[in-house]
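Subject: Structure handover

Hello,

Here is the structure I promised you. My notes follow below it.

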Amino acid sequence: MLNNICYYLDTEFQEQLTFPTIQRNVQSDVLLAIGRRWLSQCQSSHPQCKQSPSSKYNWYPTRLLDVGEEGSTSWKLRVVSEDGNPSPPAAYLTLSYRWGHKPNAILLSSNIASFRRGSPVSCLPMLFREFISIAWHFSIRYIWIDALCIIQDSEEDWDTEAATMHLVYSNSTCNIAASDSANPEESLFRTKDLGLILPGLIESSLFSTEPRPCYIFDKSYWDRQICNGPLHNRGWVFQERFLAPRVLYFGKNQLLWECRIQHRCEVFPNGIPIHWSDKAMDALLETSPADDPIKSGRFPMDMLDRIESIFERDHSK
C-alpha cells in the first residue's frame, strides 16, 4: 500500500477522478484528435508555453522537411538559408525517437539534392510516415527529424547543428515522442492493456468510519507510463523533453501530454492528482532569487536525483 495512492470519490480531486471511457483498440484518427485538442487548448490558454526563455522569434532550423498538405504523396527538404524562411511564418514539429541499429532513411551529402527536389512519403519508415500524418492532422506543414535534417556523413555539419539543438526544440510548436518505439520501423500506435492504466476501484475505511468507494493507483503512475519505454533511457531525450514547450508522448498504453503548465493523459485528462510534472521545472528557472520553491512545495525533492541519474546513463543513440 505504501507505493499506492487512495482517493475517495468525493474528495477535492473529484474532477481529476472523472474518467472517460477507454477502449483497448482506438483508431489513429481518434488519438490524433485528442492530441490536437490538447495542443489547441494549450495554445489558447497557456501564454507561458508560447515563448520559452531559450526560444527566438521567427527562428528556424537550418533545414526543415516540407510535408505539404494532408494527402501529399511526397516531401521535400527545405534549406532555409537558400529557400528562405517559410512565409508567412509557419510552425514546425520535432520528433524524439530511437534510431535503431541500421537506419536507412538518412540525409547524406550524396542525396541532399534529390531530397530537395522531393521524395515519396511511401519510401519512409513507418514511424516517419505516421509523424507526417500527425503534422497533417495538426495542420502543420513543416517537421524536423534529425536523421533527415542533419547531413549524417559530415562531421562539420554535425558540429554546426549540435550547437543549435536547444533552439531547434525550444522553437518548435510541439515535440512528438515515440516513447514505446525501438526504431523507426515500428508504429506509434498500440493496443492498450487497460489493466496497466486504469485505477482500481475499491472499498476502504482507511480514512473513514465506514467503507467508502475510492480509487487506487501507484505513485509512480506517470513515470511508469513514460520512463519505462525504450526511448527514455537515453540522456539526449532529456534536453528534447525539457526544451520543447510541449511534448506529446505515444506511450505503450496511452497518449500523454506535458507542457510548461499542464500534464494529462487519456486516463487522467485533467491531470493526475498531486503529480508534479518534471517539465514544470521550466517555471522554476524563471522564479526570482527571493523565491524558495522548496519551502513553497513547488520543487520535488527527488528532482535533482532524477536529473543526475539521467545524465549518468549512456548519452549515445
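Note that this is a predicted model.

Start with strand S11, which holds Leu-255. Leu-255 has a relative accessibility of 2%, under the 20% cut-off, so it counts as buried. Its contacts beyond four places in sequence include Leu-31, Ile-34, Gly-35 and Trp-38. Leu-248, Tyr-249, Phe-250, Cys-265 and Glu-266 are also among them. Leu-255 and Gly-35 are 220 residues apart along the chain, yet their C-alpha atoms are separated by 7.8 Å.

Now helix H1, residues 28-45. H1 has 18 residues and reaches 26 Å from first C-alpha to last, close to the 26 Å expected. Its buried residues are Leu-31, Leu-32, Ile-34, Gly-35, Trp-38, Leu-39 and Cys-42. Seen down the axis of H1, they fall within an arc of 155°, so they line one face of the helix. What covers them? Helix H4 (126-137) is part of the cover, and so are strands S10 (246-250), S11 (255-259) and S12 (263-265).

Two backbone details deserve a look. Most residues other than glycine have a negative phi, and most peptide bonds are trans.

- The Ser-87 to Pro-88 peptide bond is cis, with omega near 0°. Pro-88 sits in the loop between helix H2 (80-83) and strand S4 (92-96).
- Ser-139 is not a glycine, but has a positive phi of about 60°. Ser-139 lies in the loop between H4 and strand S6 (142-144). With a relative accessible area of 59%, Ser-139 is exposed.

Best wishes

Technical notes:
Residues numbered from 1 in each chain as written. Predicted model: local features only at pLDDT ≥ 70, side-chain atom pairs only at ≥ 80, totals over all residues. Heavy atoms only, no water. Helix = DSSP H or I, 4+ residues; strand = E, 2+ residues; numbered from the N terminus. Expected span 1.5 Å × (residues − 1). Buried < 20%, exposed > 50% of the residue type's maximum accessible area, 1.4 Å probe, protein only. Arc of directions from axis to C-beta. Contact = heavy atoms within 4.5 Å.
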